[in-house]
Amino acid sequence: MMSESNADRMMSPEPELKSVDLKEINENLDSIRRQLDELQKERELEKTPDKLGWDDIAQELVGAITFALPFLFTGELWDVAKDISIERSFAIFLLTLGIAYIFITKSKIGNLKHENLFHVPKRLITVSLISYTISAGLIYLYGINHVAHFSPLQYVNATVIVSTFAVIGAIAVDMVK
């Protein structure tokens, strides 16, 4: 039979008291504080805009090559390069740079730092140089200029047309991280 004192103890049991070392609690708290500080630093780094670096240039190269290659091998592009005038080619060049400028400076897609060189965004300079160099190089490398029988003017026209797609690719890959 249970006595009243046993029943009372069973109905409201006393918590078991463990001996807790204050030093251990303080060490755990310090460890948690350090982890929180590290997480806070990582979060701040994610918020800082991405400066133009070698990783961005490599991404621009990959994007320019990836987007230029499919258009490089189309006969229609060769026909257009043969038929358009240098004035139209220059207009395409300016249109491509204008769209690239607007996309780089006004787009909120990537967390990019706005760095200028002589009031021109550095990313626009690198994207343009990479895209036009890649396009001219790929046309030469694959011998498209000989297959399509391009004159020097038509070679420039083909470079401008292929570079339109290379610029799009370079910007897209650079901004998506």
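A residue counts as buried under 20% relative accessible area, as exposed over 50%, and as partly exposed in between (1.4 Å probe, protein chains only). The structure is a predicted model, in which local features need pLDDT of at least 70 and side-chain atom pairs count only at pLDDT 80 or more, while totals for chains, interfaces and linings use all residues. Residues are numbered from 1 along each chain as its sequence is written, and side-chain values use heavy atoms, with hydrogens and water left out.

First, the overall picture. The protein chain has eight helices and two strands, taken as DSSP runs numbered from the N terminus (helices: H or I, at least four residues; strands: E, at least two). From the N terminus on, the order is α-α-α-α-α-β-β-α-α-α. Of the chain's 177 residues, 31% count as buried. The accessible surface (Shrake-Rupley method, 1.4 Å probe; for residues, only the protein chains shown count as cover) comes to about 12600 Å², with 64% of it belonging to carbon and sulfur atoms. As for contacts (heavy atoms within 4.5 Å), 79% of those between residues at least 6 apart in sequence join residues at least 24 apart.

Now to the rings. Rings of Phe, Tyr and Trp (its six-membered ring) pair if their centres lie within 6.5 Å; planes under 30 degrees apart are stacked, over 60 edge-to-face, and the rest tilted. Searching the whole structure turns up four aromatic pairs. One of them joins Phe73 and Tyr142: with centres 5.0 Å apart and planes at 80°, the pair is edge-to-face. Phe73 sits in the loop between α3 (54-72) and α4 (75-83), and Tyr142 in the loop between α6 (122-141) and α7 (144-147), so the pair ties together parts 69 residues apart in sequence. Phe73 is partly exposed at 42% relative accessible area, and Tyr142 is partly exposed at 42%.

Phe93 is partly exposed, at 26%. Together with Tyr132, Phe90 and Phe93 form one aromatic cluster.

Ser135 belongs to helix α6 and, at 0% relative accessibility, counts as buried. A polar atom of the Ser135 side chain lies 2.9 Å from the backbone oxygen of Ser131. Setting aside neighbours within four places in sequence, Ser135 is in contact with Thr159, Val162, Ser163 and Ala166.

Key. A polar contact is a pair of N or O atoms within 3.5 Å; within protein, one must be able to donate a hydrogen and the other to accept it, and residues adjacent in sequence count only if both atoms are side-chain atoms.
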